[in-house]
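Here is a quick, friendly tour for anyone opening this structure for the first time. Have a look around before reading on.

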Amino acid sequence: MLDLGTSFIASVERDPGAMAIAEGDLTLTYAEWFARISALVHGLGQIGLRKGDTLVTAMQNRWENASLHWACQLAGLVITPVNWRVTADELDHALSDSAAKALVHDDAAAEAVRGSALAAGLTVLPLHGKGGLSDMLAGKAPDAAPHASAEDLSVMLYTSGTTSKPKGVPRRHRAERAAAIAHVAQNMYGQGERTLGVMPLYHTMGVRSLLSASVIGGAFVCLPRFDVPGALHAIEQHAVTNLYLVPTLYHDIVHHADFTSDRVASVRKLGFAGASMTDGLLRKLAETFQPELFVNHYGSSEIYTFSICQDATAKPGSAGRAAINQRLRVVPLGAEDASQTCAPGEEGEIVASMQGDEAFEGYWNRPEADSKAIRDGWYFTGDCGHFDEDGDLFVTGRADDMIITGGENVSPVEVESCLSLHPAVAEVAVVGLPDERWGKVVTAFIKRKDTVSEDDLDAHCRRSDLSNFRRPRRYVFVRDIPKSPVGKLLRRLLVAGEYEPETPENTPA
């Protein structure tokens, strides 16, 4: 298999005049972009970086960041991107754990870099300033030649680390390219498609969007930081053809005052990942975009694609079937291995084959995490789900999120989908809160877009197909639902009471 650097050069040779990268009024063809990237490869070598070295980045989704990702693939450097909102302590963990040789950052991460105890001992490149990343990109150099093989490490992403220090997920060139090609096939991208590059390049969704665009001679339209007006402008300005976002961003786009269907008329394909999508949002997107393809993609940083459903509205909630590079099973909760599987309709833990072309091979310097997650050639995802009688997978949430109330298991996702269909509910999150009698009580946190009471919502649940024991016994009206920087719901903050309640000033009239 080709390494990623050679793969990019092949794209340049196929489509030298096609638009490859854009940000605002800046557009570069493949030939123009390769010249900039080649200059950057040369510059990285000039400061002493060599094949196999690790380079940590803390940058927004600007074109310079995308250029750096490709330069590292050509130079054989292991790019290790972290959240640009990183704290100094979090940055030091990544620098130490990855044995970084250099750090590249933009202004958004400057405060963390100043507070870092380790950055001073490394080569640090800011985005701007003498000798910075922008200077390197503006230089001149011969066309870069690839220094890596398909077996070399390409990138190391860090997991979110909700209960422990973030874990490094190293991935090889061959796994990254296999994931990019599968992404093209499963999302049915055509030659020259243009994607909105807003999912962070420290997140697997952002990296996949970047790599898959090059496979088809397509364009990556950068949006450094998400905001709805900026996203709509970028879609219009560059005629974006596909969106691959987390559900939260879709929600924000279609509910914004600036949104109209005319402004996204160029978009023909939708894809989502990172979290489940409520039935209400599915319906809204199908009505407003009327997409040719609407893909539910279920995966992780460790094994990029678990399953794909190419018609998300046909069977709401379904994650479809195993991806083209994967095998899946559902095993009983607490199972020690993957030999025993659950019957259709029986809930258990989802496990994925480590033989898949997209799979990682283990965490970075974390043997205890490997022994917990990898058993007999299967990756234990920590996600709960079941197959239905048709063989389609349903993901019901994280094993840790499952609510056990009065001895019954309740999936928060099922309750959230039901409540999302009420016209007065803008957003909803469901958790189990401690209760002396029931152990946990199903509690719904609601962001309202119109007047609605607890009684109204309870009546809505009673009229639905939701089982009686799954109905929320408590409702909390909040100003906002807490989410991570990439839009993932943070249930743990709701359980901990770390949320902003609704006030008279922000209560819908």
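Predicted model: local features only at pLDDT ≥ 70, side-chain atom pairs only at ≥ 80, totals over all residues.

A residue counts as buried under 20% relative accessible area, as exposed over 50%, and as partly exposed in between.

**Salt bridges**

- How many salt bridges does the structure hold? The count comes to 25.
- As background, side chains of opposite charge can pair when their charged atoms come close.
- Glu 500 teams up with Arg 479, their side chains meeting in a salt bridge at 3.0 Å, N to O. This pair ties together distant parts of the chain, 21 residues apart: Glu 500 sits in the segment after α15 (491-495), and Arg 479 in the loop between β25 (474-477) and α15. Arg 479 also counts as partly exposed, with 41% relative accessibility.
- Some salt bridges share partners, and in that way Lys 315, Arg 321, Asp 388, Asp 390 and Asp 392 are joined into one network.
- Glu 427 and Lys 447 form another salt bridge through their side chains, at 3.8 Å from N to O. Here too, distant parts of the chain are linked: Glu 427 belongs to strand β23 (residues 425-435) and Lys 447 to strand β24 (residues 439-448), 20 residues apart. Glu 427 is buried because its relative accessible area is 11%, while Lys 447, with 23%, is partly exposed.
- Asp 458 and Arg 462 make a salt bridge as well, with 2.9 Å between the closest N and O atoms. Both lie in helix α14 (residues 454-463), and they are 4 residues apart, so about one helical turn separates them. Asp 458 is buried at a relative accessible area of 17%, whereas Arg 462 is exposed at 53%.

**Helix α11 and its two faces**

- Which residues of helix α11 (residues 279-289) are buried? They are Leu 281, Leu 282, Leu 285, Thr 288 and Phe 289. These residues span an arc of only 145 degrees around the axis, so they lie on the same side of α11.
- What do the buried residues of α11 pack against? Their neighbours are β11 (242-245), α10 (247-254), β12 (269-272) and β13 (293-299).
- Just after α11 comes Gln 290, which has a positive phi of about 45 degrees.

**Helices α2 and α3**

- Two packed helices are described by the angle between their axes and the distance between the axes.
- For helix α2 (residues 30-46) and helix α3 (residues 63-75), that angle is about 65 degrees, and the axes are 9 Å apart. The crossing of α2 past α3 is right-handed.
- On the α2 side, the residues in contact include Trp 33, Phe 34, Ile 37 and Leu 40. Those from α3 include Trp 63, Leu 68, Trp 70 and Leu 74.

**A loop residue: Asn 83**

- Where is Asn 83 found? Look in the loop between β4 (78-81) and α4 (88-97).
- The Asn 83 side chain reaches the backbone nitrogen of Arg 85, at 2.8 Å.
- Leaving aside residues up to four places away in sequence, Asn 83 touches Ala 58, Tyr 202 and Pro 485.

How values were computed. Residues numbered from 1 in each chain as written. Heavy atoms only, no water. Salt bridge = Lys/Arg side-chain N within 4 Å of Asp/Glu carboxyl O. Buried < 20%, exposed > 50% of the residue type's maximum accessible area, 1.4 Å probe, protein only. Polar contact = N/O pair within 3.5 Å; in protein donor to acceptor, adjacent residues only side chain to side chain. Contact = heavy atoms within 4.5 Å. Arc of directions from axis to C-beta. Axes fitted to C-alpha atoms, helices over the stretch in contact; angles between N-to-C directions. Left-handed = near helix turned anticlockwise from the far one by under 90°.
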